[in-house]
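Subject: Structure for you to look at

Hello,

Here is the structure I said I would pass on. My notes on it follow below.

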Amino acid sequence: MAISLPTSAEWAQRCAADGEFQLAARHFNGGVKLAIGNHTLEFGLVDGVPGAARGEGILEYHGEEAVWREILAATPKRFHNDLMANLSLGLGITRAGDPVTHAQYFPAVMRAVELLRPSAHAAPALATESGDAGRHDAPVGRYVHLQLDGHDHRIYYESAGQGIPVLLQHTAGCHGSQWRHLFEVPAITDHFRLIAYDLPYHGKSLPPVTKQWWSQPYQLKGGLLRDLPRSLASALRLDRPVFIGCSVGGLLALDLAHKHPDDFRAVVSLEGALRIGGDLESLSALWHPQISNEYKARLMDGLMSPTSPMAYRKETSFVYASGWPAAFLGDLHYYIDEYDLRTQVHEIDTTKVGVHILSGEYDYSGTSELGRAAHEAIKGSTWTEMKGVGHFPMTENPAVFLDYLLPVLDRIRRGRPQ
């Protein structure tokens with residue numbers, strides 16, 4: 001079945017009338033071209049305003065019509081919801097054009113692609129977002145000083161609830177606000193004390209004053225990463241807490257289960273794997289003086305499900321765009337280069353520490369396939385694929401995430417065997 005497409009002029013008009021595209025395309029002198037089988041859509045831009053096609057600065061994306069049919073569906077299938085997902089996995093799209101310009105204006109390109117899709121219904125934000133003026137949310141924030149990597153670190157954390165302590169580790173380049181929805185769920189906080197902390201150099205955990213961090217490359221190392229939750233648990237006098245982490249935190253969960261099983265009663269690994277791997281050098285655009293944080297924000301959008309509430313997807317991206325520019329790429333040192341449990345996974349003993357893995361369907365980084373492989377290699381672990389969410393289940397669609405998390409927490413609370 002042929003794809004229903006507008007003319008190039010009509011496409012340019014849609015983009016010119018769209019506020020999100022206008023903001024993303026500001027100052028762009030170039031153009032966008034899509035080769036859809038034998039059909040071509042293209043328009044130029046002068047200082048961000050769509051118009052006639054230009055001969056230079058063109059960003060091109062090529063693919064067979066069958067591939068574009070999947071991408072331009074109202075609700076695209078897994079890994080076809082975003083051009084970078086398709087490109088990264090080699091699913092049929094190729095690109096041409098200056099790589100810096102691509103990174104600078106990829107948010108505009110993806111918005112232009114979205115404007116070719118039929119309208120689709122996205123889930124609304126939670127009803128609990130609205131309420132009386134002056135009300136307070138549940139968590140209370142504090143700072144605690146921890147000795148990490150030979151320096152005094154002033155670590156920020158928020159906590160709420162009572163019962164079994166749960167440490168919550170955010171994703172790379174982000175901070176503890178990702179867990180805000182869990183704090184407002186009585187089914188959790190009636191039985192668990194939630195503690196979400198910010199890694200050093202993230203959120204409100206400012207850099208140590210005893211280190212010239214501004215003159216050194218930032219790289220997140222496993223030693224510090226593993227020490228932080230254990231040091232925090234000791235400072236707060238927590239008795240064998242549960243550890244829940246996502247992405248970098250999801251890998252850390254399995255790392256802690258392997259190296260420190262006696263310190264935790266269970267770990268929950270969101271988007272976890274035994275090895276992610278990849279070429280860190282190819283991601284250098286994530287910290288480039290000519291490329292803003294908008295690029296990483298748009299990439300994160302592509303890791304999420306198109307059915308997740310738009311407001312929460314944009315909130316997730318917003319937090320990424322707000323971080324210290326060096327943090328995300330530096331965190332990926334652990335995520336991509338250092339972490340590898342493939343030869344040690346057989347040493348994880350789930351009679352000492354429970355291991356639970358949850359993988360988002362739309363995540364093209366820590367894929368469901370990687371999560372399932374980790375589960376199959378860890379005797380006594382559990383694994384579930386979370387349908388309709390991606391790399392950030394707790395932020396992009398908390399209602400769906402709770403359907404998967406609550407049974408795991410109930411199992412942990414009741415001390416049930418794996």
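L274 is buried, with a relative accessible area of 12%. L274 sits in the loop that runs between β11 (266–270) and α9. Leaving aside residues up to four places away in sequence, L274 touches Y339, D340, L341, R342, V345, A373, A374 and A377. E184 is 90 residues from L274 in sequence, and their C-alpha atoms are 32 Å apart in space. Please keep in mind throughout that this is a predicted model.

How much of β12 is buried? Seven of the seven residues of this strand (residues 354–360) are buried, so β12 is largely enclosed by the rest of the structure. This holds for both faces: G354, H356, L358 and G360 point one way, V355, I357 and S359 point the other way, and all are buried.

The five-stranded sheet

There is also an open sheet of five strands with mixed pairing, in the order β3-β2-β1-β4-β5. β3 (49–51) and β5 (94–96) are its edge strands, each pairing on one side only. On average, neighbouring strands of this sheet are turned by 20° against each other, direction ignored. Within the sheet, β1 (residues 30–36) and β4 (residues 58–63) run parallel and are joined by six bridges. A35 has H62 in β4 as its bridge partner.

Two helices pack on this sheet. α1 touches β1, β2 (39–46) and β3, and the direction of α1 makes about 45° with that of β2. α5 touches β1, β4 and β5, and the direction of α5 makes about 60° with that of β4.

Helices α9 and α10

Helix α9 (residues 294–302) packs against helix α10 (residues 310–322) at an angle of about 145°, and their axes are 8 Å apart. The crossing of α9 past α10 is right-handed. On the α9 side the contact is made by K296, A297, R298, M300 and D301, and on the α10 side by R313, K314, S317, Y320 and A321. Sorted by class, the contact of α9 with α10 has four nonpolar, one polar and five charged residues.

Salt bridges

Side chains of opposite charge can pair when their charged atoms come close. How many salt bridges are found in the whole structure? The search finds 24. Three of them are described here.

The side chains of D18 and R111 meet in a salt bridge of 2.9 Å, N to O. This pair links distant parts of the chain, with D18 in the loop between α1 (8–16) and α2 (19–24) and R111 in helix α5 (residues 99–114), 93 residues apart. Both D18 and R111 are buried.

R298 and D301 also meet through their side chains in a salt bridge, at 3.9 Å, N to O. The two residues are both in helix α9, three residues apart, which is about one turn of the helix. Are they buried or exposed? R298 has a relative accessible area of 6%, under the 20% cut-off, so R298 counts as buried. D301 has a relative accessible area of 3% and is buried by the same cut-off.

D410 and R413 form a salt bridge in which the closest N and O atoms are 3.4 Å apart. Because D410 and R413 are three residues apart in helix α14 (residues 398–413), they are separated by about one helical turn. D410 counts as partly exposed at 23% relative accessibility. R413 is partly exposed too, with a relative accessible area of 32%.

Finally, D18, E20, D82, R111, E114, R298, D301, R313 and K314 are linked in a network of salt bridges. That network includes D18 and R111 as well as R298 and D301. R298, D301, R313 and K314 are also among the residues that make the contact between α9 and α10.

Regards

How values were computed
Residues are numbered from 1 along each chain as its sequence is written. This is a predicted model: local features need pLDDT of at least 70, side-chain atom pairs count only at pLDDT 80 or more; totals for chains, interfaces and linings use all residues. Side-chain values use heavy atoms; hydrogens and water are left out. Axes are lines fitted to C-alpha atoms, for helices over the stretch in contact, and angles run from 0 to 180 degrees between N-to-C directions. Helices (H or I, at least four residues) and strands (E, at least two) are DSSP runs, numbered from the N terminus. A crossing is left-handed if the near helix is turned anticlockwise from the far one by less than a right angle, and right-handed if clockwise. Contact means heavy atoms within 4.5 Å. Ala, Val, Leu, Ile, Met, Phe, Trp, Tyr, Cys and Pro count as nonpolar, Asp, Glu, Lys and Arg as charged, and the others, Gly among them, as polar. A salt bridge is a side-chain nitrogen of Lys or Arg within 4 Å of a carboxyl oxygen of Asp or Glu. Buried means under 20% relative accessible area, exposed over 50%, partly exposed in between (1.4 Å probe, protein chains only). Two strands pair if DSSP finds at least two bridges between them.
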